[in-house]
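Q: Got a model open here and I'd like to walk through it. Can we take it piece by piece?

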Amino acid sequence: EAHGNVLRIAKIDQDAYEGTALMYRLVDRHGLYRAPVVIFEEVKIDGKWRQGPVIANQLRHVEAETLLFGIEPVPHDNSATWHRARAHLDQVLSQANGQYPAIAPIEIAADAAPCKQVVLEDEAINILDFPFFRNNPGDSGRFINTTSVITRDPEMGINFGTYRCELKGPRHIAVGSGEGQTGYTMLMRAKERGETMVPVTLIVGMDPMVWLVSGSRVTSRRGKKPVDELATAGGLRGKAIEVVKCDTNDFRVPASCEMVIEGEVQLDGFEVNGPYGEGSGYIGAPYDTAFTMTIKRITHRRNPWIVNDFTGVTRPMIEQPSAALTVAGLQTLIPNIKDYRYMDSVTWISIAKDKPGQALETGKRLAKLIPVFKIVIMVDADVDLWNDSDRFMAFATRWQAWPASYIYEDLPTMPLEPSSPKREQTSKIVIDATRQWPEEGGPRHFPDYSRQVLEKHSPDLFSAVDAKWGEQINGCCKS
């Protein structure tokens with residue numbers, strides 16, 4: 001809010017989907033990367049006005065990439081802000097052998113935990129009383145869509161996963177952890193062991209670093225040992241997360257979170273969750289393998305903040321923590337890779353190729369290896385993946401459709417891919433938008449960018465222009 005990135009709205013009628021339409025309009029006006037965090041003070045849901053606040057678009061504004069780590073953004077410059085965050089994260093990874101550091105959580109007493117200020121049990125429990133949204137008339141109902149679902153496995157440890165959870169009744173939630181997700185794997189392994197019911201806890205309104213760890217793969221599960229995602233969150237924030245024990249199970253949850261929903265999942269069958277507006281921007285098909293959760297207890301802060309995700313309206317959460325870790329991992333397989341950016345189903349990879357055909361073969365390898373890589377575009381190392389113009393210029397001016405492309409007819413993908421004629425299967429394309437060498441069928445001499453020629457001729461020219469007219473440039477057309 002101190003940086004001008006928050007919009008406060010007194011009242012919205014979500015029965016009329018005003019909040020969703022407002023979020024679309026903010027993205028229309030400011031773009032995906034500069035739409036503000038929105039705070040709704042009061043919302044109408046199911047015919048009843050409910051006190052908020054409800055927070056939306058958290059960790060979406062480009063300046064959150066730096067602010068989350070206590071670093072000032074670069075005003076008016078998305079690319080420079082991304083790179084400032086990336087420099088910090090690359091340094092953190094380099095000091096910890098390619099993984100984010102861990103600081104173990106610290107347990108505190110229940111009477112000191114804000115999330116225990118109010119306790120609801122038995123007939124007092126009604127999850128429908130809280131202002132959780134139905135985002136779209138195409139959705140099947142109201143969802144908790146920013147929760148961390150906490151599950152446990154004897155070998156894998158404890159998992160915090162962000163999965164859509166549909167409200168089915170006062171004490172009934174359909175947990176939509178899909179196949180391939182860690183939570184789904186853990187629950188199915190419990191079923192295979194003969195268990196019929198397992199404890200599950202949902203937390204809402206947690207420290208944004210905990211939500212980052214829950215909602216993206218910044219904790220590696222490549223090894224055999226159990227992982228502690230709260231320790232990763234503590235390492236990223238540079239300070240241990242304070243935790244408190246749940247009342248009805250042995251999970252430890254962040255003591256400062258807004259709400260804790262404790263319950264049990266029955267493993268003797270599934271139920272339907274959805275349809276739901278997905279991150280692709282389409283109304284996704286229902287999950288028919290959602291898990292039935294019965295709420296046993298709710299504890300929360302007084303006047304809890306509820307966080308809603310307008311999934312598919314805004315961009316996914318901040319990118320650099322996941323991108324930095326992914327690059328570090330990819331470089332262990334392919335050292336020539338320089339950077340990576342995933343934008344919906346389009347994956348950009350920059351590479352310093354040192355032999356003909358290397359970029360195309362690398363892209364083919366990654367398309368086969370990673371299900372969500374549907375469109376893989378390989379570019380040279382001089383292309384800034386965090387600059388829209390750079391990416392477009394490389395694609396538009398360096399790519400030859402033949403022979404610098406390869407199409408797979410049928411490869412695995414995620415179940416949410418809207419264009420797939422067969423669920424979890426898709427065709428894929430690899431595009432080599434690097435400069436094609438003569439040995440690859442390219443021209444004998446590839447021309448330089450005009451801007452690069454200018455910068456080489458006058459290395460200090462842009463700094464001089466900024467010094468003379470920077471204030472006018474930045475102030476002439478604020479978004």
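A: Let's start with N5, which sits in the segment before β1. Helices (H or I, at least four residues) and strands (E, at least two) are DSSP runs, numbered from the N terminus.

Q: Before that, what sort of model is it, and how are residues numbered?
A: This is a predicted model, where local features need pLDDT of at least 70 and side-chain atom pairs count only at pLDDT 80 or more, while totals for chains, interfaces and linings use all residues. Residues are numbered from 1 along each chain as its sequence is written, and side-chain values use heavy atoms, with hydrogens and water left out.

Q: OK, back to N5. Buried or exposed?
A: N5 counts as buried because its relative accessibility is 12%. Buried means under 20% relative accessible area, exposed over 50%, partly exposed in between (1.4 Å probe, protein chains only).

Q: What does the N5 side chain make a polar contact with?
A: The side chain of E63, at 2.9 Å. A polar contact is a pair of N or O atoms within 3.5 Å; within protein, one must be able to donate a hydrogen and the other to accept it, and residues adjacent in sequence count only if both atoms are side-chain atoms.

Q: And which residues is N5 in contact with, leaving aside neighbours within four places in sequence?
A: P36, V37, H61, E63 and L67. Contact means heavy atoms within 4.5 Å.

Q: Switching to T299. Where is it?
A: In strand β17, residues 287-300. T299 counts as buried because its relative accessibility is 0%.

Q: What lies 2.9 Å from a polar atom of its side chain?
A: The backbone oxygen of C115. C115 is also among the contacts of T299, beyond four places in sequence. Others there include K116, V118, V119 and D247. E258, M259 and V260 are on that list too.

Q: Now sheets. What does β9 pair with?
A: β9 pairs with strand β6 (residues 143-144) in the antiparallel sense, over two bridges. β9 also pairs with strand β10 (residues 172-175), again antiparallel, over four bridges. Two strands pair if DSSP finds at least two bridges between them.

Q: Which residues stand opposite each other?
A: F143 stands opposite E166 in β9. C165 stands opposite V175 in β10.

Q: How many residues are between β9 and β10 in the hairpin?
A: Two. As for cover, four of the five residues of β9 (165-169) are buried.

Q: What's the order in the open sheet of three strands?
A: β4-β12-β13, with mixed pairing. The edge strands are β4 (106-107) and β13 (252-254), and each pairs on one side only. Strand β12 (residues 242-245) runs antiparallel to β13, joined by three bridges. There, V243 stands opposite P254.

Q: On to empty space. How do you find it?
A: Rolling a probe the size of a water molecule over the atoms shows where empty space is left. On a 1 Å grid over the protein atoms alone, a cavity is a set of points where a 1.4 Å probe fits but cannot get out, and a pocket is an open set with protein on both sides within 12 Å along at least five of seven lines; lining residues have an atom within 4 Å of a point.

Q: What volume does the second largest pocket have?
A: About 1500 Å³. Grid points are joined across faces, edges and corners, and a volume is the space filled by probe spheres set on the points. Of the 41 residues lining this pocket, the closest to its centre are P75, H76, D77, N78 and S79.

Q: Which element gives the most to that lining?
A: α11, with six residues. By class, the lining of the second largest pocket divides into 16 nonpolar, 14 polar and eleven charged residues. Ala, Val, Leu, Ile, Met, Phe, Trp, Tyr, Cys and Pro count as nonpolar, Asp, Glu, Lys and Arg as charged, and the others, Gly among them, as polar.

Q: How many cavities of 30 Å³ or more does the structure hold?
A: One. The largest cavity has a volume of about 30 Å³. Q58, T146, G205, M206, W211 and V307 line it.

Q: Last one: K364. Where does it lie, and what does it touch?
A: K364 lies in helix α8, residues 358-369. Not counting residues up to four places away in sequence, K364 touches Y406, Y408 and V430. K364 counts as buried because its relative accessibility is 15%.
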